[in-house]
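Open the model in your viewer and keep the selection panel at hand.

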Amino acid sequence: MYFASVGLLTTKRIPMKNTDPIIPHRQIHLVGGGIASLASAAYFIRDGHIPAANIHIYEELPVAGGSLDSSGSPEKGYVMRGGRMLNFSYLCTYDLFSFIPSLTDPSVMVLDEIKAFNEKIHTHSRARVVEAGKILDVSSMEFSNRDRLDLLELMAVSESHLGIKRVNEWFAPEFFETNFWFMWDTMFAFQRWHSAVEFKRYLHRFLHEFERINTLAGVDRTPYNQFDSLALPLINWLKAAGVHFEMGVKVTNIYFKDSGEQKVAARLHMLQNEEPLETNLAADDLVLVTIGSMTADSSMGSMHSAPELITDKRDGSWLLWEAIAKHSPEFGRPFVFDNRVDESKWESFTVTSKGHLFFQLMEEFSGNTAGTGGLVTFKDSNWLMSIVLAYQPHFIGQPDDVTVFWGYGLFPDREGNFVKKRMADCSGEEILTELIGLLRFDAVRDQILESANCIPCMLPYITSQFLTRAEGDRPQVVPAGSKNLAFIGQFAEVPDDVVFTVEYSVRTAQIAVYELLKLDKKPTEMYHGGHHPGVLFDAAETMFR
Ligand SMILES: Cc1cc2nc3c(=O)[nH]c(=O)nc-3n(C[C@H](O)[C@H](O)[C@H](O)COP(=O)(O)OP(=O)(O)OC[C@H]3O[C@@H](n4cnc5c(N)ncnc54)[C@H](O)[C@@H]3O)c2cc1C
């Protein structure tokens, strides 16, 4: 079913009309090197026919890819700050990767590679939720009639009616004890204090996943981690085309020279190696800024040390948004998202092991071979820990005798069940010890620990995009009156779509490019499960399961 709709993307090309004259000297400045900027560059080239050599990407880190990162080596340990689930309804993302050649086989496109991989490796979890070391049957959602009514009403009311309500201001306390909540909450990293508006959007946007929420059978995976499978092929394609990657460059402010009602970005202020730089913008130049970042100020610990929780904004993304937001109320309110670290932080970890012992034990325990299970959540874990064993190898060049898995805990300030410390204060060894306790693998604890390198990662802003927000807190992609500036990424407003997804960032890229270039082209249409009677029927049935 998925690939029928995805298949259309690879063949259908809409002829485009550019209502703006092509301006040969126009320069494009993209602040940030995450998927939002990379996708923008690709659409400027493919749809806007902008020469790649006129495009400049400024990234403060030494590598592009943003949150879609992965790094390390078998010797030092691999690290992924995040692991991503994709979905057939990511129509913008799948459009983008329908014209980017794969890294491992340039004769096929990344999208074809993803399709082929998912046809071979199906996700069908047999151990979605675990409690007291036992797999729970979570096929029932465990809704009460009140929960059902609350869900339906939430889906029906307007966003303005909800305003800045939190999820737990909408549902009864019992809702947060249902199987549904444990699965939904850990699949998407929702907390009960997050935005009811965003929760409502998720219910609509992933309605088609209701019926298989307990098996995760609707999840698409990439063959390798998302840096190797998504970011790197795109970076390579852009570099080969001639896009300039300005690495280690932090954009600190934008100077505006407005003309009447029109807001005009006129100069970029930057820092490279602490040296100030400036770039003046010509009248036709365009600037796209990724505002905010869920992985800003993330920090790594090690097998023997806990990561630091950084709250004094050392990275550039939030500071830049704060600086430019002063220029106009149309540019949004960054403080709504970057000033509530206690509501937005959690911690992930990546475990690199020599040998297959942990994987063998997990495969026996869960009934899933690596890559077919998806998230395993420990319901009784004080940290609300989940892990995912991806298909191996998960890194290009990963040796056969090395395995890598990823996990996270949504409550890093709580003491563990087995390790009597806050997760935030734990080393990688302590986090892995806690996991071993939750799985009741104590008999082989020392063997697992001896062969493993667990690297924790503290993410202060990881769910900042889910925090309660009011209209206007997020700026429009192209703010009212903006001549040459657009906002892209997770904190620009896109009606109906859901944040914490690659899809959202790619959609903002499409909107920004098409609007700023005045192309006669609309962003890829959004998939609405609610428009399909079959999806509605299955969802309704699941509500009573
Ligand atoms: C743990 C985790 C799990 C996830 N799970 C999923 C999932 O299952 N499914 C899914 O679809 N998505 C998932 N995501 C989300 C997805 O990865 C992100 O939404 C997406 O990568 C965001 O891309 P972006 O380009 O908008 O922003 P970012 O990736 O944050 O990139 C912004 C970049 O801009 C740079 N930058 C910002 N400001 C400046 C400046 N002033 N000067 C210079 N450089 C600057 C930053 O350094 C950064 O590299 C997950 C992410 C994480 C971290």
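Start by selecting Phe175. Phe175 is buried, at a relative accessible area of 0%; buried means under 20%, exposed over 50% and partly exposed in between, with a 1.4 Å probe and protein chains only. A note before moving on: this is a predicted model, in which local features need pLDDT of at least 70 and side-chain atom pairs count only at pLDDT 80 or more, while totals for chains, interfaces and linings use all residues. Residues are numbered from 1 along each chain as its sequence is written, and side-chain values use heavy atoms, with hydrogens and water left out.

**Aromatic pairs**

How many aromatic pairs does the structure hold? There are 44. Rings of Phe, Tyr and Trp (its six-membered ring) pair if their centres lie within 6.5 Å; planes under 30 degrees apart count as stacked, over 60 as edge-to-face and the rest as tilted. The ring centres of Phe175 and Phe180 are 6.1 Å apart and the planes meet at 50°, so this pair is tilted.

Next, select Phe337 and Phe491. Their ring centres are 5.3 Å apart with planes at 65°, so the pair is edge-to-face. Phe337 belongs to helix H11 (residues 335-338), and Phe491 to the loop between strand S18 (485-488) and helix H16 (502-516), so the pair ties together parts 154 residues apart in sequence. Helices (H or I, at least four residues) and strands (E, at least two) are DSSP runs, numbered from the N terminus. Phe337 is buried at 0% relative accessible area. Phe491 is buried at 1%.

**Charges over rings**

Select Lys239 and Phe245. The charged end of Lys239 sits over the Phe245 ring, 5.3 Å from its centre. The test is NZ of Lys or CZ of Arg within 6 Å of the ring centre and within 35 degrees of the ring normal. Now go to Tyr255: Arg267 lies over its face, at 4.5 Å from the ring centre.

**The ligand**

Select the ligand and its shell. The ligand is surrounded by 38 residues, the closest being Glu59, Ser67, Arg84, Ser293 and Ser505; a residue counts if one of its heavy atoms lies within 4 Å. Show Gln490: an N or O atom in its side chain is 3.0 Å from a ligand oxygen atom. At Ala36, a polar backbone atom is 2.9 Å from an oxygen atom of the ligand. Taken alone, the ligand exposes 1,000 Å², and the protein buries 96% of that (Shrake-Rupley method, 1.4 Å probe).

Technical notes
A polar contact is a pair of N or O atoms within 3.5 Å; within protein, one must be able to donate a hydrogen and the other to accept it, and residues adjacent in sequence count only if both atoms are side-chain atoms.
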